[in-house]
Amino acid sequence: MTQKLLKVLLIGRGAREHALAIKIAQSNLVQSIFVIPGNGGTQKSLRKTRNISGIDGNYFPKLLQLAKDLKIDLVVPGPDAPIVNDIEDFFQEGVPYAPSGIKCFAPSREAAQIEGSKAFSKDFMARHKIPTAAYANFTDILKAKLYIEDCLEEDPSYRMVIKASGLAAGKGVVFPETIDEAFQALEDTMPGDKFGGAGDEVVVEEFLEGEELSIHTFSDGVTFKSLPAAQDHKRVFDGDEGPNTGGMGCYAPVKAATPSVMRVSISSHSLIAPLSPRLPAYESSDTPFVGMLFTGIMLTKSDPKCLEYNARFGDPEAQALLPLLRSDLVEIMCACIDGNLHNINLIMSKRFCATVILASRGYPGPYRKGYSIAFKHPCFWNSEGLVKTYVAFLHAGTKLDPTGVLLTKGGRVVAVTTKMDTLEEAVKTAYIGVKTVSFEGKHFRKDIAYRSLPAAAGEEE
């Protein structure tokens with residue numbers, strides 16, 4: 001009997017969603033992919049795929065009706081907001097062609113709190129003795145200021161990080177160098193600030209030094225399987241200077257993620273605790289974590305410590321990890337939803353992947369949109385997901401105007417991604433690819449993977 005091919009609804013507009021669309025399109029299980037709202041990359045020249053505009057990816061009733069009309073079999077939300085806001089539960093409603101509900105690759109709302117509230121996440125780590133930075137949560141700005149003053153009085157060299165507890169698109173994190181900067185960060189972050197409700201509560205925690213790793217783990221609530229570690233570059237300028245962004249580049253695998261580090265981080269469940277059968281996500285056997293858990297880890301001098309949990313693929317981590325995945329992504333997602341992950345083998349390429357983000361001038365602050373984007377060379381995907389020229393241009397903040405001209409539409413515009421036999425080759429080739437893309441105000445970091453390749457850096461144009 002011929003297996004029914006799946007129709008997939010992919011939600012999101014960034015380079016992560018472009019990378020997901022490419023990998024999903026490679027699956028022999030998939031008939032078609034509908035992306036809401038998508039971008040210029042998912043709209044143009046991607047097989048099985050088309051964009052649907054005019055629907056808010058966070059307005060679930062309209063999404064559900066669209067899914068019914070299109071007879072969608074699998075929903076894949078990319079960004080954090082729909083996941084934290086309980087999209088998974090919304091699609092549990094039975095429909096004629098799927099009586100038990102439409103499959104949705106996302107954890108429940110209760111389990112997704114691990115990302116939706118940094119305060120909840122830090123308290124979870126503390127209760128279960130998961131190694132993490134010392135911290136305190138605040139909803140009162142005066143109490144937060146007093147706490148900072150006390151920390152500095154006890155230790156004048158104390159360095160801190162201030163985080164908006166809610167979702168802030170990766171930009172709600174500040175690294176103040178002085179008490180005045182810390183107080184200003186609180187004023188900016190708490191109610192009435194640029195982050196809105198995300199800043200109603202803040203986390204003040206000690207600054208951890210070391211290398212940061214991103215570990216992505218598939219989970220069906222009982223079984224979990226991790227991808228190789230990736231390393232993001234969050235600050236906007238070279239040398240990890242400037243404000244935090246959603247991510248300016250990434251590479252995988254990471255030299256610092258030795259077998260012993262991965263054993264401590266994964267095998268013992270010490271850092272990916274929400275996936276351990278001993279520690280279900282919401283401390284109730286009724287709410288296991290099903291989906292993708294992204295664990296941020298800092299390799300301090302003493303031991304690895306947990307920075308954060310996210311309930312979805314990272315961006316730009318997805319752009320560096322998905323090209324290395326040789327297994328069928330859709331098969332893995334369905335196995336997680338159905339509780340069959342134990343039957344799946346994760347097969348990874350032994351190559352290296354590097355991603356350089358091209359951003360708009362001014363990002364992560366105010367920036368202008370609507371500049372035309374030019375590519376010197378066209379890009380074509382082969383069956384393995386590699387661009388034949390070895391450079392993939394994954395679209396983020398792009399759109400096509402009515403005449404078909406590609407324009408900038410966001411702070412992060414294009415992710416230039418390569419997969420090569422060595423990390424050095426991947427980084428070098430990515431920067432060659434960077435030179436083939438032009439738009440007004442193009443900005444990028446020139447030191448992606450500098451921790452693993454101290455001598456490697458992008459060249460000035």
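Start at R312: at 13% relative accessibility, R312 counts as buried (buried means under 20% relative accessible area, exposed over 50%, partly exposed in between, with a 1.4 Å probe and protein chains only). Before moving on, note that this is a predicted model, where local features need pLDDT of at least 70, side-chain atom pairs count only at pLDDT 80 or more, and totals for chains, interfaces and linings use all residues. Residues are numbered from 1 along each chain as its sequence is written, and side-chain values use heavy atoms, with hydrogens and water left out.

**Stop 1: E115 and R312**

The term salt bridge stands for a side-chain nitrogen of Lys or Arg within 4 Å of a carboxyl oxygen of Asp or Glu. E115 sits in helix α6 (residues 109-116) and R312 in the loop between β17 (304-310) and α11 (317-321), so the pair ties together parts that are 197 residues apart in sequence. Helices (H or I, at least four residues) and strands (E, at least two) are DSSP runs, numbered from the N terminus. E115 is buried too, with a relative accessible area of 4%.

**Stop 2: E187 and K145**

Select E187 and K145 next. Here is another salt bridge, with 2.8 Å from N to O. E187 belongs to helix α9 (residues 179-189) and K145 to helix α8 (residues 141-154); the two are 42 residues apart. E187 is partly exposed at 42%.

**Stop 3: E177 and R159**

Now pick E177 and R159. The closest N and O atoms of this salt bridge are 3.9 Å apart. Both ends lie in loops: E177 between β8 (173-174) and α9, R159 between α8 and β7 (160-164). They are 18 residues apart. E177 is exposed, with a relative accessible area of 56%. R159 is partly exposed at 36%.

**Stop 4: a network**

Select D240, R445, D447 and R451 together. Salt bridges that share partners join these four into one network. Across the whole structure, a search finds 15 salt bridges. Side chains of opposite charge can pair when their charged atoms come close.

**Stop 5: S121**

Finish at S121, in helix α7 (residues 118-127). S121 is buried, at 4% relative accessibility. What does S121 touch, not counting residues up to four places away in sequence? Show I114 and Y309: S121 touches both. Contact means heavy atoms within 4.5 Å.
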